[in-house]
Each structure stands twice: as structure tokens, then as C-alpha cells.
Amino acid sequence: MSLQLTFFSFGSLIVCIFTAVLGSFLAAIRNRSKSSSYLAGAFFLLSIHAFAFVIAYSIDSPMAAYHRWLILAVIPAFSCMGQFFFFYPNPVKEKFAFRFLSAQLFVWITFSVYYIFCTFRKEPVFDFTEQIWTFSLPLENKILGVLVLVYSFLMICTGIWRSWTTSKESNRFTGLFVLFFSLLIFPPVIANSMSRAGLISRTDFLTVYTFFMIPGSFVILVLYINTTADQTRFLNRITGICLGTFLLILYWIGLASVSRQEDTFDLGKLREAENSIFIKKAVPGSDSVSHVGIPTDRNSHSTSRVGTPKNPSTRKRFLRQSSGYYGSVFPLEAERYFIEGNEEEPRSVLYRFSLQNRDHKYEATFPYEEYRSFLHIAIRPYFAVLFITVLVVLFGFRLFFRGAIWNPLKNLLIGIGKVNQGDLNTKIQVRIQDEIGFLADSFNGMVSSIREARTALSVYADTLEDQVKDRTSRLTQLLEQQQGDYFLTSLLLKPFGIETIRNGSVFVESFTRQKKQFVFKQQNHEIGGDLCMSTSLKIGGTNCTVFMNADAMGKSIQGAGGAIVLGSVFGSILNRTRLFEDKTIEFTPQRWLRSAFLELSKVFEIFEGSMLVTAILGVIEESTGKTYLVNAEHPSPILYRNGKASLIPTKHFFNRIGLPFDSSTTFTVQSFQLRPGDCLFLGSDGKDDLIVGIREDGTKEINENQEAFLSRIEEAQGDLYKIYQDMEEYLTDDISFLKIEYSLSKEPVRTNGQATRLVSKETN
């Protein structure tokens with residue numbers, strides 16, 4: 001067994017070392033996630049796969065044929081990559097992932113046992129196509145290639161599926177992993193299949209393999225350590241990135257220089273053969289170069305040991321180049337063949353070339369060991385540089401970065417930990433004024449500021465109890481004063497409200513519950529901007545019921561102030577109408593509503609938009625049930641008839657009371673006919689603004705469908721108190737109801753929306 005290095009030994013060893021380091025880096029993460037574990041396993045298995053190529057291209061012995069066993073490690077590597085997508089960025093379908101992995105491993109183990117069994121039945125052979133010892137297993141190798149394609153395809157499909165099912169941000173990173181895994185795997189896999197099919201040489205496959213594995217693994221490392229939630233160590237990340245960078249550069253240098261050593265060997269041997277031929281001509285009978293053949297015809301073969309190669313990689317053609325020496329007749333063209341050895345003669349390298357005459361060809365043979373020894377000597381310095389680079393980066397760089405970056409950062413982290421534990425006397429020593437030194441200085445300044453603030457806070461805390469008592473006393477006084485203001489305001493509101501009014505055939509009932517509740521002198525009170533008013537007036541000589549449901553904008557006392565102004569003005573309008581009934585004989589309900597609305601609007605315009613009111617004003621003729629309405633951006637009235645509730649669309653909306661009224665517009669009053677037994681419901685927007693749920697972000701979801709209130713009226717059968725009880729826990733604002741029931745009976749009858757009929761009473 002002899003060690004004979006080649007360029008492919010060099011490239012495969014770089015892949016082997018780098019993937020092994022990546023696997024070790026990920027395996028060293030404390031409390032690592034399953035995604036890190038599977039990615040580490042994938043890199044370790046790829047390292048074993050690359051080590052198989054190192055053995056194959058570095059050892060010239062039949063024992064090297066057993067590297068084929070290690071080649072099988074590439075299949076579970078793809079399985080680990082597929083499992084990575086089940087657990088990155090977070091685990092999904094873990095049971096299915098386990099079954100999927102178990103099935104893949106079962107197929108791999110079964111095939112591996114079969115493949116290894118087949119190798120025991122074969123003798124190792126030297127394959128000049130790859131210049132390695134191997135086993136002649138064409139069928140088994142094809143099956144292996146198919147399995148590699150299938151497993152890599154399953155891995156990519158898993159990644160694509162996961163990228164579609166993750167969130168937008170994670171989807172982007174998962175898609176990048178799919179892309180880079182594809183660049184890492186598919187070019188070598190496709191090149192391997194093409195080489196097995198004879199479309200490209202095995203040398204081309206190994207070039208593609210090393211070229212894509214190194215940068216692909218490097219990019220995956222950088223992407224993962226910058227997106228994983230695992231706590232990777234800063235020093236390990238720097239070391240891994242530096243090692244990947246140096247190995248990548250070293251491989252490209254080797255690719256540009258070492259791979260040409262084979263051409264150097266060929267040219268040297270051709271020069272040696274040329275010189276031997278001329279010496280032989282100059283000295284007749286000389287046999288000093290017995291390995292140089294005699295001239296042959298162009299189409300003849302001087303030796304039966306020169307076989308026609310099955311793969312173009314076993315033959316190399318040289319065309320004539322410019323003369324490098326004076327008087328040289330360098331071969332016009334040359335072909336190289338590798339000749340299989342036997343017990344009598346060892347393996348050799350044969351060159352067939354012509355000199356001055358293309359019709360005559362010469363053959364020169366050289367021992368194959370010279371070819372391998374030449375490459376071994378040429379590549380040996382690069383191996384030395386490779387090992388020195390790995391040692392320097394893994395150990396030298398760690399020592400450098402430990403002193404220059406890690407130790408200062410560690411001291412900063414220790415200082416932060418002490419401060420978190422309450423030690424504000426911590427001070428970090430700054431040795432170098434770089435970026436980390438600036439952070440340390442800033443940290444020291446921050447701790448000093450916290451220490452001073454803590455001292456001031458301690459002094460403040462010593463006197464806090466006295467300050468709290470003083471401020472509590474002052475707040476109590478202010479609260480009592482505020483509650484007194486609330487109480488006085490609520491007293492001003494009381495005269496305007498109504499509970500029930502019976503005006504002949506019209507029965508009016510109201511319910512008001514203000515959102516702001518307060519206690520004054522051990523009694524419960526409320527204050528808000530909702531207002532219900534109604535009375536009986538004679539308009540145009542007809543008995544009418546006038547009503548209003550309003551909501552003054554603003555919270556608590558602001559809304560109550562608007563309601564007081566509204567109630568005062570509307571009350572004065574009612575009183576004025578009642579005093580001058582004989583002078584309003586020519587008034588119609590429409591004209592009266594227009595006059596009342598415009599007067600209210602003019603009064604509130606004085607406040608220049610700081611006090612606004614939504615309201616519905618209406619008049620009902622008691623004898624006929626004819627109803628007239630004006631709506632100023634208030635919720636639509638509701639008609640409850642025969643047990644069914646429906647909205648009455650108000651076609652002509654006016655601006656809120658308090659906004660300028662455009663006198664050029666036509667003032668339209670809407671009218672409709674109430675039937676015996678009908679109920680008319682008016683309500684503020686508090687009846688619709690109900691909490692219907694809680695959103696995912698914790699905010700309340702408010703009902704926006706005003707028709708939802710209709711079902712509550714039907715369920716409560718028009719009873720205002722039952723309606724309120726059903727809505728109480730969902731309220732967010734003041735709420736008021738005005739219920740107007742119409743009946744032709746002389747005595748008020750609670751029909752609750754049910755039709756009635758007149759019954760004549762006979763008197764004795």
C-alpha cells in the first residue's frame with residue numbers, strides 16, 4: 001500500500017475537512033435544536049463521503065477499492081437535509097417526519113447490505129478511467145446513482161413544501177436554503193449520473209464535485225448561523241467563516257495551478273522521448289533508451305497492449321506548440337494511453353506521437369508509477385499548506401480573536417451580568433480604544449448614570465410616604481369637588497328627562513343609562529350626554545305628541561353640558577309653543593319641526609363646533625297616527641309592527657346640530673303612517689356600539705351592524721328594560737331608548753307592537 005497524492009486528493013480533502021468542521025461547529029451548540037442536529041449530521045456524512053474520494057485518489061492499492069463502502073454515506077446525508085426542513089425554523093409534522101426518515105433509512109440500510117455483499121464477490125480492479133481501485137459493479141452503481149437522485153429530489157421537494165407553508169419572513173430564508181442546497185447537491189449529482197452514462201469523464205465529475213461542494217457548504221453555513229435561533233458562539237462563527245474563506249481561496253489557487261502539473265509531466269516525457277530518439281539515430285546500435293519504440297505506419301499498432309479506451313479520459317491528445325528549444329522538432333501531435341499491467345509487466349503510460357513525418361509514428365512507454373510519483377511530489381506542498389492553514393485558522397485565529405475580540409466582549413458581558421444582579425459599582429477596564437472599547441466606555445457611563453439616578457431615587461423614596469399622603473389628600477379633595485360638579489350637573493339634567501307620558505292614543509316610554517357612574521354622599525348617580533324628551537302640544541289646532549332622542553358629543557361632563565343646553569333650548573321652544581297655541585293655528589307639523597330644528601342649530605353654532613349633537617325630532621298627530629321626523633345624523637328609527645322590527649330609512653339627513661346649516665338646501669321632513677298597535681323605537685348609537693369579541697391583538701371588536709338591534713327588540717317583545725338587560729354587559733357608551741306606542745283606544749293600552757281593534761262600550 002503506497003500513498004500517491006493527486007489533485008483530486010487535494011480537492012476532496014478540502015471538502016472533507018470543511019464539512020467535518022461545519023458538522024463539529026453545529027454539534028458543539030449547547031441545547032441545539034433538531035434542525036441544527038440534522039444539519040450537523042448532514043455535514044458529517046458529506047465529510048465521510050468526501051473522505052472516500054480522498055482514500056480512492058491517494059492510495060494506490062487494491063485495499064483502496066473498499067472506499068466504495070464510504071460512498072454510501074451520501075444517501076443518509078440527503079435524508080438529514082430533508083429532516084432539516086421539517087424542523088427549520090420551527091418543528092412541524094414531527095410524527096410524519098420520523099416515519100419518513102425511518103422509511104428512507106430502511107431503504108438505505110437494505111441497499112447498503114446488498115452493495116457490500118456484492119463487493120465481497122468481486123476482486124478489486126484498477127480503473128484507468130478514474131485512476132483508482134474499485135469494484136466492477138455496473139448494475140449496483142447505477143442503482144446507487146438512481147437512489148442518490150431520488151433522495152436529493154425528495155429533499156428539495158420537502159424544502160419547497162416547507163417554504164410555502166411558513167410565514168412570509170421565514171418563507172424567504174427557507175427558500176434560500178432550498179436554493180443553496182440545490183446548488184450544493186444537484187450539480188455533483190447530475191455530473192455523477194452523466195459520468196456513469198459515459199457522457200463526461202470521471203475527472204470532470206470530480207472537478208464539478210469539489211467546485212460546488214466547498215462554496216455551497218460555505219454559503220449554507222453563513223446563512224444558517226445568521227438565521228438560527230440557537231445560541232451559537234461568536235468565536236466559533238468567526239472561525240468557521242474564516243476557515244471557509246481560506247479553504248475556498250486555497251482550492252481555487254490549486255485549481256488554477258496544480259491541475260496543470262499533469263500537462264507538465266506529459267510534456268517532459270515527450271521531450272525525453274524525443275531526445276532519446278535523436279540519440280538513438282546519432283549513435284547506431286545504441287539501446288540506452290529501450291522504452292522508445294520504432295517508427296510505425298500511421299494506421300498500425302505496434303503493441304497489442306495499447307487498447308482503445310472506453311472513456312475519452314484515458315487518452316490525451318497534444319497538438320504542436322511553439323518551439324521551446326533551439327533546433328527542437330517537438331512532436332507534431334501526440335496521444336497518451338494508460339496500459340493495464342500484468343504479472344510480467346507493470347502498468348505503464350504510453351505516448352504515440354510523430355516528429356517530422358506524420359506518416360511515421362513513435363511509441364514511448366514509461367512506468368505508471370513515475371506518473372503517480374510526479375503528481376505526488378507536485379501536490380505534496382499544497383497538502384502541507386492545507387494542513388498549516390487549517391491549524392492556523394482553528395487554533396491560531398482562535399487565540400488571536402480570543403485576545404482581540406472575545407475577551408473584551410466577555411468582560412463586557414460579565415459586567416452586564418453583574419449590573420443585572422444589582423451591582424452598580426461595576427467598572428470595565430478598557431485596554432484598546434476600538435469599537436469594543438467604545439462600547440465599554442459607554443457601558444461605564446451608563447452604569448454611572450444609573451447609580452446616580454438610584455441614589456436620587458433612594459432619597460425620593462425616603463420622603464415618598466409623606467408625599468403620597470399629601471397628594472392623596474389633595475386628590476381626595478379634588479375628587480370630592482369633581483363629584484360635586486358631576487352631581488350638580490346631573491341635577492340640571494333631571495328636569496329634561498321623562499319616563500312615561502300618556503297622550504290620548506300615544507304612549508311614550510323612555511330608558512336612559514349614562515356610561516359615567518359616580519358616588520356622591522353615599523348615593524349612586526350618573527351623568528352623560530344622552531337625552532329623551534316628549535310632551536303633548538297643539539300644533540295647527542291638532543293635538544300632537546312632540547318627542548326628541550338626542551346624543552350630545554363628548555365624555556361625561558362635556559356631553560352632559562351639551563345635553564343641558566339642548567334640553568334648555570328645546571324646552572323653551574315647547575313652552576313658547578304651548579303659550580302661543582292660538583297664534584300657531586296656521587302652523588303645520590312640518591313647519592313647526594323646521595322652525596325648531598333651525599333654532600336649535602343656530603344656538604349650537606355659537607360654540608363653533610366644540611359642542612355637537614345628533615338627534616331625531618318628531619311629531620305624531622294623536623288622532624291619525626301621522627308621524628313626521630327630522631334626523632340629524634342619528635341612528636335610523638325602528639318600527640315594531642306585528643312582532644317584527646324593521647328600520648325606517650331616513651332619506652334626508654341633516655348635519656349634526658352645531659354644524660353650519662346650508663340655507664340654500666331644501667329642508668325636507670319625512671313622514672309615515674303609524675297603524676294601531678305600532679311601536680316606534682328611537683335610540684342613541686350606544687345601542688349599536690357593542691363589544692362582540694376580542695381580536696388577536698387584544699383590542700375590542702365593536703359591532704358595526706345597526707340591524708343587530710332589531711333581533712333584540714323582537715326577543716324582548718318591545719320591553720325596554722329587558723332589551724337593556726340583554727345588552728348591559730356589552731355596552732361601551734351612553735345608551736338611551738325612546739319607545740312610542742300608538743293605539744286608537746281612549747285608554748292607553750300596552751300593545752307592544754301587536755295590532756288592536758276598537759271595541760265600542762255601551763253605557764246604561
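Which residue in strand 18 stands opposite Tyr628? Ser671 does, and the views below show where that pair belongs. This is a predicted model, in which local features need pLDDT of at least 70 and side-chain atom pairs count only at pLDDT 80 or more, while totals for chains, interfaces and linings use all residues. Residues are numbered from 1 along each chain as its sequence is written, and side-chain values use heavy atoms, with hydrogens and water left out.

**View 1. The whole chain holds 17 helices and 22 strands.** Helices (H or I, at least four residues) and strands (E, at least two) are DSSP runs, numbered from the N terminus. Of the 764 residues in the chain, 47% are buried; buried means under 20% relative accessible area, exposed means over 50%, and partly exposed lies in between, with a 1.4 Å probe and protein chains only. The accessible surface comes to about 39,800 Å², and carbon and sulfur atoms own 57% of that. Such areas come from the Shrake-Rupley method with a 1.4 Å probe, and for residues only the protein chains shown count as cover. Contact means heavy atoms within 4.5 Å. Take the contacts between residues at least 6 apart in sequence: 69% of them join residues at least 24 apart.

**View 2. Five strands make an open sheet in the order 12-13-14-15-18.** The pairing in this sheet is antiparallel, and two strands pair if DSSP finds at least two bridges between them. At the edges are strand 12 (530-539) and strand 18 (670-673), each pairing on one side only. On average, neighbouring strands here are turned by 20° against each other, direction ignored.

**View 3. Another open sheet has 6 strands in the order 8-9-22-19-16-17.** Its pairing is antiparallel, and its edge strands are strand 8 (500-503) and strand 17 (644-647), each pairing on one side only. Strand 8 pairs with strand 9 (residues 506-513) over 4 bridges. Look there for Asn503, whose bridge partner in strand 9 is Val506. Helix 17 (residues 720-727) packs on the sheet and touches strand 9, strand 19 and strand 22, its direction making about 150° with that of strand 22.

**View 4. The largest nonpolar core has 107 residues.** A nonpolar core is a set of buried Ala, Val, Leu, Ile, Met, Phe, Trp, Tyr and Cys residues joined through side-chain atoms within 4.5 Å. Met81, Phe177, Phe181, Phe353 and Leu386 touch the most other members. Leaving aside neighbours within four places in sequence, Phe181 is in contact with residues including Leu39, Met81, Phe84 and Ile220. A second, separate core of 43 residues includes Ala550, Ala560, Phe570 and Ile573. In soluble globular proteins, nonpolar side chains tend to be buried together.

**View 5. Thr19 and Ser276 are two buried residues in helices.** Thr19 lies in helix 1 (residues 7-27) and counts as buried because its relative accessible area is 1%. A polar atom of its side chain lies 3.2 Å from the backbone oxygen of Cys16. Not counting residues up to four places away in sequence, Thr19 touches Phe43, Phe44, Leu46, Ser47 and Ser217. Ser276 is in helix 10 (residues 261-282) and is buried too, with a relative accessible area of 5%. A polar atom of the Ser276 side chain lies 2.9 Å from the backbone oxygen of Glu272. A polar contact is a pair of N or O atoms within 3.5 Å; within protein, one must be able to donate a hydrogen and the other to accept it, and residues adjacent in sequence count only if both atoms are side-chain atoms.

Definitions and conventions: Axes fitted to C-alpha atoms, helices over the stretch in contact; angles between N-to-C directions.
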